[in-house]
Amino acid sequence: MNLTKAISSYLAKIKNDPSLALDVVWHEVFESKEAEYGQPSKPWSEPVQKILAARKIPGLFSHQAQAIDLIRDKKNVVVATPTASGKSLIYNLPVLETVFTRPDSRALYLFPLKALAQDQKKSLQELLSSAGQEFVPEICIYDGDTKPWQRAKIRQRPPQILITNPDMLHLSILPYHHLWRDFFQNLSFVVVDEVHTYRGVMGSHMAWVFRRLLRVCRYYGQEPQFVFCSATIKNPQELSRNLTDLDVACIEKSGAPSGKKHFLMARSLFGAAQTGLKLLELALKMGLRTIVYTQSRKMAELLAIWMQDKGKAFKDKVCAYRAGFLPEERRNIEARLSRGDLLAVVSTSALELGIDIGHLDLCLMVGYPGSIMATWQRMGRVGRSGQEAAAIFIGHEDALDQYFLHHPKEFLGLEPEKAVINPYNPVIMGRHLVCAAADLPVKADEEMLQNKEAQKEIDCLLASGKLIASADRSEFYAPGKYPHRHVDIRGSGQIFNLFAGQERKYIGHIDEYRAYHETHPGAIYLHMGETYLVQNLDPDTRSVQLKAMKAPYFTRVRTEKSTEILKVFRAKTVGRVQIFHGKLRVTEKIVGYEKRLTYGQRFLGVAPLNLPPLIFETEGMWLAIPKDIQDKIEQKFLHFMGGIHALEHILIAIMPLLILTDRNDLGGISIPMHAQVQGPAVFIYDGIPGGLGLTAQAFVQARELLERADGVIGACDCENGCPKCVHSPKCGSGNRPLDKEAAGLILDMILEEKDREEIIAIAMPEIKKDSPVKVRQEAPAKNKVDSGQSYVPPGREELVLSESQSEKTIFYSYVKENQRFAVLDIETRRSAQEVGGWGNAHKMGISCVVVYDGQKDSFLTFMQEEVPDLISYLTGVDLVVGFNILKFDYNVLKGHSDFDLHSLPTLDILNRVHTRLGYRLSLDHLAKYTLGVSKSANGLLALRWWKEGKIDKIIDYCRQDVAITRDLYLFGRDNGYLLFRNKAKKIVRVPVDW
């Protein structure tokens with residue numbers, strides 16, 4: 001049977017076979033399209049002409065010719081055309097032309113996946129084999145699979161075309177740019193393929209990776225040209241500009257031909273997963289090479305296992321494919337698909353991109369992919385060689401899926417979504433500013449810092465010691481040598497490694513959020529068709545220990561969440577509800593997990609869990625529900641909490657209609673009484689620390705969001721709520737309580753009035769210094785000065801935050817104008833070696849103690865027998881200052897007094913500096929670079945003087961040390977920093993706060 005007949009026969013079968021229990025609600029046919037050709041404005045060089053002739057390329061498609069003209073005119077360009085439209089020729093031909101003309105020029109190719117890099121190298125080599133030139137440009141892949149000796153060779157002799165991925169650029173190229181000098185000095189092109197994948201968290205990271213790349217290029221005198229390739233999205237030009245801060249031209253109209261394609265939308269009567277399984281079985285029996293897309297890793301694994309269990313004929317012909325597999329596992333699957341050894345693959349979004357897996361005939365989408373863009377991208381995986389193909393969307397019993405099944409024309413009329421990034425996410429921006437400073441010192445006047453968000457983050461990084469400023473604050477440095485390894489550009493948290501069995505065989509990895517939700521103790525974890533029981537989750541080593549086990553059930557966590565409003569950005573009235581957008585602190589506690597049978601999903605029970613809470617700050621929007629709406633719901637004897645809980649679910653489910661996101665990128669909390677809102681509230685927030693800008697967009701379209709949610713509830717014919725409307729597959733409380741009728745009435749009452757333009761008095765305060773809620777004067781307790789409470793110098797009182805356990809209160813801490821401080825230093829009679837080590841400091845004896853009295857501006861001297869008088873004096877001051885006083889001076893005094901010296905209000909300069917930097921600096925070092933003075937002697941000389949009876953010299957030396965310590969304290973108090981010389985031999989600031 002030829003393929004056209006096979007596709008037609010398959011589609012007829014699924015429409016007419018009642019055993020499949022499939023209700024096809026829409027069948028759209030996209031007829032084949034002829035190519036539109038064009039020619040570049042100037043002729044190709046001889047090598048490129050030979051390539052085109054040898055590859056039997058008679059002409060270029062119109063969009064290829066337009067884009068190539070822009071590239072040859074030195075413009076940055078983004079090409080956003082459908083899958084299989086020949087985008088790789090657009091950048092390969094101009095790059096090869098340049099390389100043949102100028103062999104010293106270099107190009108950097110970035111692909112989000114290693115498999116794409118392998119495909120591109122193969123494609124380039126095929127082009128070069130047709131050029132017929134003596135000079136053959138070198139092409140190298142530089143990724144995590146490249147052996148160390150190969151990496152060294154590539155760095156020493158960079159190829160004309162270097163193919164890598166964002167992770168390697170971030171981790172292995174930019175931090176070591178000095179080893180890549182020749183490459184960066186000649187870099188002409190940066191090619192970024194699949195740029196639409198650089199959205200959300202990864203896109204926000206990549207915006208800074210590209211900024212860092214441009215900094216390094218400019219350092220070596222180069223301004224490379226960028227060529228972006230994208231799937232069809234609404235804002236390719238905006239995305240490319242936001243990623244690089246460069247002007248980018250855009251080509252969107254495709255001239256490529258396409259084969260006939262069928263697109264079907266179907267409702268399953270037995271559940272989308274089971275129906276998808278039946279459709280896959282039928283496709284395999286009819287010889288159709290098939291890709292099945294699922295919405296989760298777990299479902300991809302389950303479908304592959306279920307299919308393999310159907311008989312030997314399918315055992316080795318179907319497998320799962322997802323992120324988290326080892327590279328060699330993914331490559332093996334890709335090769336088997338390309339060769340035809342595998343007839344079907346069940347994948348997550350990992351196979352949306354243009355990896356070469358051969359020609360496919362059928363695409364089954366089990367559930368809505370999360371975006372219109374992803375839907376067309378997945379459909380583009382079939383029929384790539386022009387043959388007739390089909391794609392079938394099987395709706396889950398999910399609110400959004402069911403909405404589309406009820407409105408298929410609307411679905412087909414929707415434009416692809418915008419790809420959203422947030423370069424100024426404070427968490428991501430802060431990490432990359434530190435990386436940038438490690439790449440090259442960051443100058444205060446650099447363009448990337450010239451906005452208030454970046455300036456604010458710089459101040460935070462300096463205050464926390466994550467960045468260090470030069471003496472004049474004109475440059476910023478990273479205190480550590482390689483901060484990059486702590487920044488995961490594909491997420492916002494850490495990576496956990498997975499180990500199986502007693503031999504601890506490494507089988508893959510998982511991000512931090514998924515680790516807590518999917519690999520908690522007792523969880524069932526699926527990998528490559530194997531079932532594992534999670535034995536241990538270790539946050540300290542970021543590892544998960546698994547044990548192979550055949551389990552007839554799967555697991556799902558239950559959670560409890562709370563949120564705190566930190567700041568309100570915007571507010572407006574929609575109908576009868578006030579809606580806010582702002583900054584939130586979310587606390588999520590995983591309290592247990594459900595067990596459900598793999599077949600049928602029957603509930604088996606709940607097991608408790610005690611894991612540390614996940615706490616992060618993000619952006620969100622929230623609805624303040626009026627009290628009279630609550631009263632009306634309760635008067636009708638409906639469940640108000642169930643109503644706002646259902647409203648939370650439906651808003652999250654519908655939001656992907658408006659913005660490019662997946663419901664898994666969002667979180668929600670509904671609460672009948674929120675202390676800051678002072679009433680009922682429904683919160684929807686970005687599920688990533690720092691926020692992605694998702695709810696910021698939703699806030700703008702709030703009325704449309706509420707209206708669509710109301711429409712979904714009204715269209716569902718269930719009585720009490722179901723997965724088609726208000727049930728959520730990721731609900732942490734097991735979809736309890738839910739009241740569909742109450743949610744519908746709440747929405748009706750909200751929307752019964754028109755929107756009013758008004759300024760809302762915002763009652764939710766930001767918890768920070770310049771926005772106090774309650775002000776109460778409270779002098780700092782003496783024993784708190786060196787244990788975390790800010791010390792405020794005389795004449796510079798300011799608000800300092802603390803948080804009461806019982807109420808949110810901002811306390812006003814102050815220090816009196818006449819605060820009395822003392823600076824102390826001790827010289828001993830014996831060395832540490834003489835008394836058996838530093839742990840025996842109490843046995844070292846005292847030759848003298850010198851104290852500077854800040855109130856009297858005078859020095860006092862105490863001998864060993866006068867320690868009681870010294871203790872009496874110290875209890876009368878407001879602050880005791882010293883250098884290593886906590887670990888040394890107080891321990892020496894402990895041998896001569898039973899008084900608890902650590903109860904004194906103490907500031908230890910060495911301790912503060914060490915805490916800030918992570919390493920120790922000597923008193924002499926700080927004095928030299930901060931004050932321009934040096935110590936007059938040292939401890940060993942003072943010990944010799946004691947033995948020689950030269951007590952006057954010891955007192956003079958000790959007094960000078962006290963004076964230096966005093967001056968360091970006063971300098972730090974008045975300026976907020978001390979100076980030192982770092983390992984790079986730069987004079988820099990260490991921020992201090994006392």
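Predicted model: local features only at pLDDT ≥ 70, side-chain atom pairs only at ≥ 80, totals over all residues.
Local features need pLDDT of at least 70 and side-chain atom pairs count only at pLDDT 80 or more, while totals for chains, interfaces and linings use all residues. Residues are numbered from 1 along each chain as its sequence is written, and side-chain values use heavy atoms, with hydrogens and water left out.

**Helices H9 and H10**

- Helices are DSSP runs (H or I) of at least four residues, and strands are runs (E) of at least two, numbered from the N terminus.
- The axes of H9 (residues 200-219) and H10 (residues 236-244) come within 7 Å and cross at roughly 55°.
- H9 is therefore oblique to H10; angles under 35 degrees count as roughly parallel, over 145 as roughly antiparallel, 65 to 115 as roughly perpendicular and the rest as oblique.
- Residues of H9 in contact (heavy atoms within 4.5 Å) with H10 include Met-206 and Phe-210, and those of H10 include Leu-243.

**Salt bridges**

- A salt bridge is a side-chain nitrogen of Lys or Arg within 4 Å of a carboxyl oxygen of Asp or Glu; the count comes to 38.
- Glu-238 and Lys-418 form one, at 3.5 Å from N to O.
- Glu-238 lies in H10 and Lys-418 in the loop between H17 and H18, so the pair ties together parts 180 residues apart in sequence.
- Lys-443 and Glu-475 form another, with the closest N and O atoms 2.6 Å apart.
- Lys-443 is partly exposed at 40% relative accessibility, whereas Glu-475 is buried at 14%; buried means under 20% relative accessible area, exposed over 50%, and partly exposed in between (1.4 Å probe, protein chains only).

Conventions: Axes fitted to C-alpha atoms, helices over the stretch in contact; angles between N-to-C directions.
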